[in-house]
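Have a look at the structure, then read on.

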Amino acid sequence: MTPILSLHNIDVTEFLAVLDTCEGNVYLVTNEGDRLNLRSKLCQLVGLTKLIEGGKIAEASIICENKEDERKLFRFNMFGDTQTEMAG
């Protein structure tokens with residue numbers, strides 16, 4: 001799997017809310033090559049603490065196993081869309 005998007009300067013609280021709606025595994029990949037499964041609250045704490053600067057995520061890549069989760073996170077990253085249901 002290759003990273004599908006890079007996150008820059010996002011609202012952490014909103015990002016975690018979107019993650020809670022994901023159904024499959026979502027991995028945060030650091031520049032050092034660490035891969036943390038963000039479905040785990042412990043990994044969220046460890047991974048995001050490492051990347052947070054001034055309340056925003058400095059830089060990270062995301063890999064999703066589920067295509068719908070990928071769409072949700074892409075929309076959030078591009079448009080700040082925290083809507084959990086996609087219009088059909």
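Predicted model: local features only at pLDDT ≥ 70, side-chain atom pairs only at ≥ 80, totals over all residues.

## The nonpolar core

Let's start inside. The largest nonpolar core has 17 residues, and F15, L19, V26, L28, L38, I62 and L73 are the ones touching the most other members. The elements giving two or more residues to this core are α1 (12-21), β2, α2 (41-51), β6 (60-64) and α3 (67-79), with α1 supplying the largest share, four residues.

Some terms: a nonpolar core is a set of buried Ala, Val, Leu, Ile, Met, Phe, Trp, Tyr and Cys residues joined through side-chain atoms within 4.5 Å. Buried means under 20% relative accessible area, exposed over 50%, and partly exposed in between (1.4 Å probe, protein chains only). Helices (H or I, at least four residues) and strands (E, at least two) are DSSP runs, numbered from the N terminus.

Residues are numbered from 1 along each chain as its sequence is written, and side-chain values use heavy atoms, with hydrogens and water left out.

The protein chain has a mean pLDDT (the predictor's confidence in each residue, from 0 to 100) of 78, and 73% of its residues reach 70 or more. Confidence is lowest in strand β5 (residues 56-57), at a mean of 60, and highest in strand β3 (residues 35-37), at 89.

## Around strand β2

β2 pairs with β6 in the antiparallel sense over four bridges, and three bridges join β2 to β3, also antiparallel. Pairing here means that DSSP finds at least two bridges between two strands. Y27 stands opposite I63 in β6, and its bridge partner in β3 is N37. V26 and L28 point one way from β2, Y27 and V29 the other way, and all are buried.

β2 and β3 form a hairpin with five residues between them, where G33 in the turn has a positive phi of about 95°. N31 sits in that β2 (26-29) to β3 loop and is exposed at 63% relative accessible area.

## Salt bridges

There are three salt bridges, each a side-chain nitrogen of Lys or Arg within 4 Å of a carboxyl oxygen of Asp or Glu. D20 in helix α1 and K41 in helix α2 are 21 residues apart, yet their closest N and O atoms are 2.7 Å apart.
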